[in-house]
Amino acid sequence: MWETIIVNPFTNVLLLIYKLIGGNFGIAIILFTILIRLITHPLMAAQIKSSTKMTEFQQSKQWQDIQKKYKGDKEKLAQEQMNLYKELGISPFASCLPSIIQIPLIFGLYQSIMRALAPTPGQLLIMTRVVYPFFHLAALVPLNSKFLWMNLGQPERVYMFGVGIPLLAIIVALTTYVQSKVTMPASTNPGDQGAQMNKMMALYMPLLLGYFALTFASGLSVYFITGNLIGVAQYALLGKVNWRALIPGYKPDTTALVRNK
Amino acid sequence: MKIKFLVLVGLLLVLAVLLGGCATGLSASSWPGVTADTNYAYIAGGPYVYAVNLQTGAEVWRFPAKAATSTPYYATPALTPDGQLIVGSFDHKLYSLNTQSGAENWVFDQAKDRWIGGVLVTSDTIYAANADYKLYALSFTGTLKWVTPFQADQAIWGSPVSDGTNVYFGTLGRHVYAVNAQTGRQTWVQTVDGAILGSPVLGLDNTIYVGTYGGVLVSLNTGNGSILRQETASSWIWHGPAQDGTNVYVGDANGKFYAFPMTGTGQPWTQQLNGAIVGSPLVWDSTIIVGTESGNVYFIDNTGQNVRPVTVPGKIYATPAAAGTLVLIAPTSGTNLLVALDQNGAVKWSFTPAK
């Protein structure tokens with residue numbers, strides 16, 4: 001089921017793009033990432049909208065009053081919170097849905113890249129069976145796995161003075177960090193759990209994706225970097241990028257938030 | 001919020017585990033390679049290389065003592081005249097093992113990619129082709145004989161062959177190379193219509209045959225690389241052909257098995273077998289033995305008249321190996337790692353490694 005609905009179509013789309021652009025697998029991954037992002041853009045827009053609503057909710061006087069009122073009754077506080085969510089049309093899970101959708105996409109893409117590059121006989125044999133009949137696979141094999149300085153089917157290292165530097169993993173970690181920081185909603189409330197979670201994600205996600213980039217085929221890193229850059233571009237198009245968040249010691253403009261309330 | 005965070009972290013951890021599984025992908029990476037001497041069968045079958053007693057089917061030794069998931073062995077092992085077993089691994093290393101004990105003699109670690117095909121051993125040299133596009137010539141102590149390994153255009157998955165003058169091999173880049181066996185310099189290179197995944201076979205009268213992923217059996221002149229003849233199969237050819245001095249035999253993805261005469265006097269024949277043919281055929285006296293993906297081993301008379309199928313549990317991708325009066329079959333995804341059949345196709349013993 002997973003193979004039929006995710007991995008096989010992904011593999012075929014990747015091969016189609018590869019064929020159309022004249023045999024550059026790195027460019028094929030980049031274009032495929034853009035395609036995926038375009039398809040999931042409505043979800044991303046919904047996530048941004050939901051995050052904004054959630055931030056406003058956290059800052060609202062109504063919510064702060066309820067917190068004070070039910071300070072000693074956690075059960076009642078949770079109940080009132082849910083009622084308020086319903087009243088304001090906020091879905092508490094809407095803001096993390098696109099992130100969750102990314103997970104099967106990442107997994108499917110990784111399998112597709114490895115399958116299409118077919119670095120082993122077993123993977124080539126499987127690819128032979130899953131490629132749609134209109135492809136003349138014999139004319140495509142072997143796929144060109146070289147892109148810039150990388151072999152897309154292998155983890156990447158740049159050797160300097162005999163030491164392998166994982167340049168791509170560093171770029172993945174850096175772009176993930178930048179994306180998290182500049183797209184993080186501003187918060188004035190030090191007790192805001194959402195803001196705390198975002199801060200933790202901004203710290204852990206670069207490390208996690210950096211680890212993936214360090215360990216797995218560099219084609220996946222190309223996907224991560226492209227995805228991060230497009231993610232920032234998507235936020236920028238919707239006017240939600242805060243570049244000042246990259247400045248060390250930056251504090252959100254509380255007066256602006258208060259004024260907006 | 002805490003629940004959301006935990007869900008996200010949990011899913012990311014699942015992703016890490018799943019990606020980790022993909023990276024090793026042992027079961028899908030390749031299939032076993034098998035060879036034999038007078039006493040033992042040697043099988044490179046995933047995390048271990050095994051020596052199996054040919055009389056009893058019992059395990060004699062395994063290498064390494066403790067398996068590493070990132071180090072699968074699939075390349076067909078090869079024996080040297082001085083009693084070494086040479087086997088490559090997916091960890092880019094080529095190992096020399098003691099055939100009696102499985103102890104490591106030496107390791108060649110200068111290759112940059114997987115060892116997929118087996119090595120060619122001559123009286124004094126090991127010719128080892130790697131997926132890093134290079135052909136290495138090594139002494140029996142594991143040192144380089146050519147100062148610079150021969151650089152081809154693409155990955156080499158098949159074993160090389162040699163006529164003493166040149167070493168011949170094909171690449172995934174659709175080229176057949178002849179390289180001087182002594183100097184490592186290119187004698188000629190020829191382009192064919194598809195990737196070459198398997199090994200060439202030397203024919204008669206200065207000819208060499210290769211099967212291509214484009215589904216063509218190509219005959220070339222060993223002197224200058226010119227294409228002498230091309231025979232079209234119904235689909236891709238994987239591991240390459242075999243020959244018995246009369247015919248050259250090859251199977252394809254559609255299960256079609258072909259005999260093409262090597263001289264003008266023979267008669268061609270074909271047999272439709274059940275399942276894709278991935279491994280090379282084995283010529284065993286006047287019988288041709290070939291395995292199929294559907295788990296059948298076919299014993300075919302060299303005239304193509306008498307076809308006897310034997311069912312072995314699993315898929316047969318590996319080329320069968322002859323060992324005295326036995327033929328060794330290494331199925332994939334079956335219950336056994338190795339099955340020994342006699343001349344009538346009866347199972348003499350089967351080997352399943354102890355955990």
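Trainee: How many residues does helix α3 of chain A have, and how far does it reach?
Mentor: This is a predicted model, so keep that in mind. Helix α3 (residues 41-59) of chain A has 19 residues. From first C-alpha to last it reaches 27 Å, close to the 27 Å expected at 1.5 Å a residue.

Trainee: Which residues in α3(A) are buried?
Mentor: Gln47(A), Ser50(A), Met54(A), Thr55(A) and Gln58(A). They cover an arc of only 140° around the axis, so they sit on the same side of α3(A).

Trainee: OK, chain B now. What is the strand order in the sheet with β13?
Mentor: β13-β14-β15-β16. That is an open sheet of four strands, and the pairing is antiparallel.

Trainee: Which strands stand at its edges?
Mentor: β13 (161-162) and β16 (186-191) of chain B. Each has a single partner strand, so one side of each is left without a neighbour in the sheet.

Trainee: And β14 to β15, how many bridges?
Mentor: Five. β14 covers residues 166-170 of chain B, β15 covers residues 175-180, and the two run antiparallel. For one pair to click on, take Asn166(B): its bridge partner in β15(B) is Asn180(B).

Trainee: What about the sheet with β17?
Mentor: Its order is β17-β18-β19-β20 in chain B. It is an open sheet of four strands with antiparallel pairing. The edge strands are β17 (201-202) and β20, and each pairs on one side only.

Trainee: How many bridges join β18 to β19 there?
Mentor: Five bridges join β18 (residues 207-211) of chain B to β19 (residues 216-221) of chain B, running antiparallel. The bridge partner of Gly211(B) in β19(B) is Leu217(B).

Trainee: How many residues lie between β18(B) and β19(B) in the hairpin?
Mentor: Four. Look at Gly215(B) in the turn: it has a positive phi of about 85°.

Trainee: And what joins β19(B) to β20?
Mentor: Five bridges, with β20 at residues 227-232 of chain B. Those strands run antiparallel too. Ser219(B) has Arg229(B) as its bridge partner in β20(B).

Trainee: Which residue in that turn has a positive phi?
Mentor: Gly225(B), at about 80°. β19(B) and β20(B) form a hairpin with five residues between them.

Key
Residues are numbered from 1 along each chain as its sequence is written. Chains are lettered from A and ligands numbered from 1 in the order in which they are written. This is a predicted model: local features need pLDDT of at least 70, side-chain atom pairs count only at pLDDT 80 or more; totals for chains, interfaces and linings use all residues. Two strands pair if DSSP finds at least two bridges between them. The expected span of a helix is 1.5 Å times one less than its number of residues. A residue is buried if 20 or more other C-beta atoms lie within 10 Å of its own, exposed if 12 or fewer, and partly exposed in between; C-beta atoms are placed from the backbone. The arc is that of the directions from the helix axis to the C-beta atoms.
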